[in-house]
Amino acid sequence: MEFETYHFDAVIVGSGGAGLRAALMLSEKGIRTAVVSKVFPTRSHTVAAQGGINAALGNILPDNWLWHMYDTIKGSDYLGDQDAIEYMCREAPDVVRELEHFGVPFSRTESGKIYQRPFGGQSLNFGQRQAARTCAAADRTGHAILHSLYQQNLRAQTTFFVEHQAIDLIRDERGDIAALMVLDIATGEYKVLRSRAIMLATGGAAQLFRTNTNARINTGDGLAMILRAGLALQDMEFWQFHPTGLSGKGILISEAARGEGGVLRNAAGEAFMKHYAPHARELASRDVVARAIAIEVQEGRGCGVNQDHVWLDLTHLDSALIKQRLPAIREIALTFAGIDICQEPIPVYPTAHYMMGGIPTNIHGQVKTLNDQGEVEVLPNLFAVGECACVSVHGANRLGGNSLLDIVVFGRAAARQLIEQLSHQPLDYFDAPLDLQPVERRIQRWQACDASSSDGTPASLRQRLQTIMETGCGVFRTEDTLNKCIDDLTEFSAQVDKLMLQDRSEVFNLERLEAFELENLLALAWATVHSARSRQESRGAHYRLDYSSRDDDNWLKHTLYFQSQPVNTPRLAYVPVTLQPLTVPSFPPKKRVY
Ligand SMILES: Cc1cc2nc3c(=O)[nH]c(=O)nc-3n(C[C@H](O)[C@H](O)[C@H](O)COP(=O)(O)OP(=O)(O)OC[C@H]3O[C@@H](n4cnc5c(N)ncnc54)[C@H](O)[C@@H]3O)c2cc1C
């Protein structure tokens, strides 16, 4: 096959907050940078982030980055790496001020400082009382950040490949990752982008579950590319189920609603969180609140005719405050449930939201893997940042407001590292011929299929996969649900093998795009279920009814998953959690109560 080839110093896959923060720094330094995105840059999922970004600015209550660090480690159920968490929390005030200078229109206090709201899992003075650490632009913080970063990139003259879907990483004949295959969605043409460095910033993948808060494009393409390149994914058993999705729809009702004073009630009108988290109540960490809601419903205290949700009640709050601080939440409830939150409570239930696991990296965004001797090593010139990466700052459970922080802190750190590396690298290093065969086979699979003998379309198969994962690998898991999930996935994989596209057009073929995404989601489903079945303990968002406590003696370690053949025989390895921070004393694991 013949492909048009383009040359860059850096190619970034993804134009969310992570990709754009990195691109801005690279372009400003004169590095020839291309950003590839499936959608127009400002439609990336970062745009949907509502509540805000954490930084110990101390604008409302006193604060300290060490308290932020402590809360993040505790929130992670001690699986987060303490060096990375220290780095992120220390950098936070600086990156938020930098965003302000890029033009982010943060909400303000009376005296003109950046407004900060209380969010779950935050505390003052190592757990003493609730903090207010989340910097917000009303409840549209992600929108404000993404638009500002995009405009800054236009100024810095970053090159964009808009509506181009990345298909796979390409190695050169020496085995180094040296290029990227992309599909121009409008024309159906494939193109090769050669680059001295490649950075994956493809965001999350909660489309793996039936009820989720994520954009339809969040299918984990970058993670699946890593698996196909023979590299590892880390901690894929840890998926965050956000406590308050709009019941039946999954659309996010931000934690900001509870941060501003919203209360969760069961069918009897009881504010039940006091039974699960006596101190933090509604603002306990997300895994704790999500399980509390699921238990209330399971034990028959759910609301509505089907008793399948609980109420999030904001009716006691001043309606002027709601209109000022939560305008988008009000609009969402009105549009999708016909509810005015000033007058009526919102029906909510947990919904798949965020991926704590991902592509393992160090704090410089360099992708890590295991060498033949089983030692951890970094790959030259391959980076991952944002939700697709696992640094790991979120461990087994992410705190609200820490992901927007993660994407800008590590987007910037990875760009710094990349600039440093390119300055030492000879320009002709990447002239070796490319090995295009593996990606050509994948392209041909979806280019030249005949007749329609399959059991469904890529879109209907995606729904089937989402149901399998929600049933077997949801808020609660057991050996039995996970084994059933493996059986279902085995059968499902055979259906995907038989899949034929009904639409055979060469240009703008949505089915082909979705077929690539389906293969990616399926690869992540296997990674998730194998990692979850092996981990025989409960930690953060991974809750095993058959192993209901945390087991630090055996499981204080990260899971690494490699794709193997046949895919239902897992290849797993484990690496230690970094308990030693960069400059301060360690926070040793202890019982986690809120
Ligand atoms: C509804 C919602 C609300 C949230 N609210 C908050 C909040 O208040 N605070 C907080 O801290 N976190 C929040 N989060 C989480 C946070 O927003 C995300 O984790 C973060 O924005 C992810 O940024 P990213 O840059 O990694 O990826 P994204 O913003 O998801 O961008 C991914 C990019 O990758 C591109 N891409 C993917 N695959 C391909 C491919 N194959 N080819 C080409 N391009 C590709 C996409 O086009 C897109 O540009 C929220 C998440 C959701 C879903």
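## Strand β16 and I346

Strand β16 spans residues 346-355 and includes I346. In this predicted model, I346 is buried, because its relative accessible area is 0%, whereas the cut-off for a buried residue is under 20%.

Leaving aside neighbours within four places in sequence, I346 is in contact with L246, I253, V310, W311, L312, L314, I329, I339 and I341.

## Helix α11

Helix α11 comprises residues 437-447, and its buried residues are V439, E440, R442, I443 and W446. These residues lie on the same side of α11, because they cover an arc of only 160 degrees around the axis. An α-helix has 3.6 residues a turn, so residues three or four places apart point the same way. The other side of α11 carries Q437 and R441, both of which are exposed.

The packing partners of the buried α11 residues include both strands and helices. The strands are β9 (164-172), β10 (177-184) and β11 (189-200); the helices are α5 (221-228) and α14 (510-534).

## Surface patch at V507, F508 and L510

A nonpolar patch on the surface is formed by V507, F508 and L510, which together have about 290 Å² of accessible area. V507 is located in the loop between α13 (479-498) and α14. V507 is classed as partly exposed because its relative accessible area is 44%, a value between the limits of 20% and 50%.

Definitions and conventions: Residues numbered from 1 in each chain as written. Predicted model: local features only at pLDDT ≥ 70, side-chain atom pairs only at ≥ 80, totals over all residues. Heavy atoms only, no water. Buried < 20%, exposed > 50% of the residue type's maximum accessible area, 1.4 Å probe, protein only. Helix = DSSP H or I, 4+ residues; strand = E, 2+ residues; numbered from the N terminus. Arc of directions from axis to C-beta. Contact = heavy atoms within 4.5 Å. Patch = residues over 30% accessible without salt bridge, like charges linked within 9 Å, V, L, I, M, F, W, Y side chains within 5 Å. Areas by Shrake-Rupley, 256 points an atom, 1.4 Å probe, with all protein chains shown as cover. Salt bridge = Lys/Arg side-chain N within 4 Å of Asp/Glu carboxyl O.
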